[in-house]
Amino acid sequence: MSKPTLGIIGGGQLGSMLATAAKKLKIKTVVFSDDIDAPAQKFSDEFIFGKYDDLNKINEFTSKTDIITYEFENIPYETLNQINKIRPVLPKPSINRVIQHRLAEKDFINKLNIRTTQYVAITNKSELDTEQNLLPGLLKTTTLGYDGKGQHVINSFEDLNELNIDFSKGYILEKLVKLKKEISIIITRFSDKKYEVYEPIENIHEDQILKQSTIPADISDKILEQSKQWAMMLAEELKYVGTLCVEFFIDRNENLYVNEIAPRVHNSGHLTINAYNVSQFENHVRAVCNLEQITLNKISNAKMINLIGSQITIYRNKQLAPNEFFFDYLKKEIKHKRKMGHLTTLI
Ligand code: AMP
């Protein structure tokens with residue numbers, strides 16, 4: 001049977017790395033993005049530029065592809081659903097719908113008896129006043145927030161007056177966890193109870209943006225086992241196909257919480273490109289295209305740092321050591337707080 005052509009919705013660095021992994025497997029890719037400068041077009045076989053609700057573009061995209069996946073979760077459900085009627089979309093649009101909504105996501109996780117932070121939906125200012133037991137807390141938009149966007153630390157009710165929040169959007173208030181550490185688990189599910197699970201990755205954030213990821217994570221065996229177990233439970237319950245990331249908090253009393261699920265390949269898994277025999281990107285392509293599952297094998301411990309904004313410029317001309325791997329996302333413009341590239345060091 002000839003290999004399928006893979007459609008990727010979204011044209012950022014995750015799309016680039018998916019396209020690169022597909023190329024290695026001799027799978028053709030078509031990237032569909034609403035950004036004319038999308039960097040992934042430099043790595044894919046074909047590129048379609050258009051708005052995600054443009055039916056003509058959707059038809060062009062589906063006519064050129066056999067299976068469709070996505071590199072970011074904030075794609076309108078209607079678009080994914082529309083595309084799924086013509087070509088299979090993996091992970092399933094219904095999974096994306098649950099996970100892209102913080103409240104639905106947390107309800108889903110808690111139903112499985114998996115711990116999350118305490119939370120409550122907030123639809124107006126006065127509700128916040130009655131939720132004093134969740135303060136200090138983080139007020140987050142229920143949809144579309146990432147890298148700390150749409151998030152506000154609330155220490156007291158008075159903070160709200162200063163912030164002038166638009167409550168026409170949905171909000172969730174989460175109790176602030178006294179963090180000891182953050183870790184993530186990247187897991188690829190192929191089919192029923194068939195997974196490849198990467199070891200926990202320790203993550204450091206700065207200004208709510210991921211700065212550094214390391215393996216091995218400095219955690220207890222109990223946390224190691226529980227985090228893997230929870231990731232497998234979540235992937236199984238969702239009947240997920242592809243690579244998924246579960247982000248966790250560990251508090252100062254060694255309690256583990258799921259922070260959130262990313263229904264896609266994830267920034268903290270970039271080090272898998274160099275540290276494992278099969279990267280998270282290759283595993284995603286293998287799973288969604290129904291290719292062979294290969295047992296994971298770690299090659300080396302590793303550390304990855306994100307190069308944010310102008311940090312990229314030093315690395316563009318730097319002599320690299322043999323254990324260093326530099327990735328330039330080839331974004332058109334350097335912007336403050338924008339992820340421009342990363343460096344993985346095998347350690
Ligand atoms: P998020 O976009 O929800 O993943 O949040 C980004 C980062 O903000 C997390 O990785 C944490 O460093 C921090 N953060 C988010 N929610 C909480 C919380 N409830 N308690 C403590 N830190 C948090």
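Trainee: Which side chain has an N or O atom 3.3 Å from an oxygen atom of the ligand?
Mentor: Keep in mind that this is a predicted model. A polar contact needs N or O atoms within 3.5 Å. At 3.3 Å from a ligand oxygen, the side chain that qualifies is that of His205.

Trainee: How much of the ligand's area does the protein bury?
Mentor: Start with the ligand taken alone, which exposes 480 Å². Of that area, the protein buries 93%.

Trainee: What polar backbone atom lies 2.8 Å from a nitrogen atom of the ligand, and on which residue?
Mentor: Backbone atoms take part here. Lys175 places a backbone N or O atom 3.0 Å from a ligand nitrogen. At 2.8 Å from a ligand nitrogen, the polar backbone atom belongs to Val177.

Trainee: How many residues of the shell around the ligand are charged?
Mentor: The ligand has 17 residues around it. Lys140, Gln151, Val177, Glu182 and Glu260 come nearest. By class, the shell has five nonpolar and five polar residues, and the charged ones number seven.

Trainee: Which domains each give at least three residues to the shell around the ligand?
Mentor: The chain is divided into domain 1 (6-89), domain 2 (118-175) and domain 3 (179-346). Strands β6 (137-141), β8 (171-175), β9 (179-191), β13 (242-251) and β14 (256-262) each supply at least two shell residues. The domains that reach at least three are domain 2 and domain 3.

Trainee: How far apart are the C-alpha centres of domain 1 and domain 2?
Mentor: Take domain 1 as 6-89 and domain 2 as 118-175. Their C-alpha centres lie apart by 34 Å.

Trainee: Is Thr188 buried or exposed, and which side chain does its own side chain contact?
Mentor: Thr188 sits in strand β9. Its relative accessible area is 0%, so Thr188 is buried. Its side chain makes a polar contact, at 2.9 Å, with the side chain of Thr243.

Trainee: How many disulfides does the structure hold?
Mentor: A disulfide is a covalent bond between the sulfur atoms of two cysteines. Cys245 is buried at 0% relative accessible area, and Cys289 is buried at 6%. The disulfide count is zero.

Trainee: Which residue just after α5 takes a positive phi?
Mentor: Helix α5 covers residues 102-111. Its buried residues include Arg102, Leu103, Glu105, Lys106, Phe108 and Ile109. Just after the helix, phi is about 60° at Asn113.

Notes
Residues numbered from 1 in each chain as written. Predicted model: local features only at pLDDT ≥ 70, side-chain atom pairs only at ≥ 80, totals over all residues. Heavy atoms only, no water. Near = heavy atom within 4 Å. Polar contact = N/O pair within 3.5 Å; in protein donor to acceptor, adjacent residues only side chain to side chain. Areas by Shrake-Rupley, 256 points an atom, 1.4 Å probe, with all protein chains shown as cover. Helix = DSSP H or I, 4+ residues; strand = E, 2+ residues; numbered from the N terminus. Nonpolar A, V, L, I, M, F, W, Y, C, P; charged D, E, K, R; others polar. Domains from an automatic or database assignment. Disulfide = S-S within 2.5 Å. Buried < 20%, exposed > 50% of the residue type's maximum accessible area, 1.4 Å probe, protein only.
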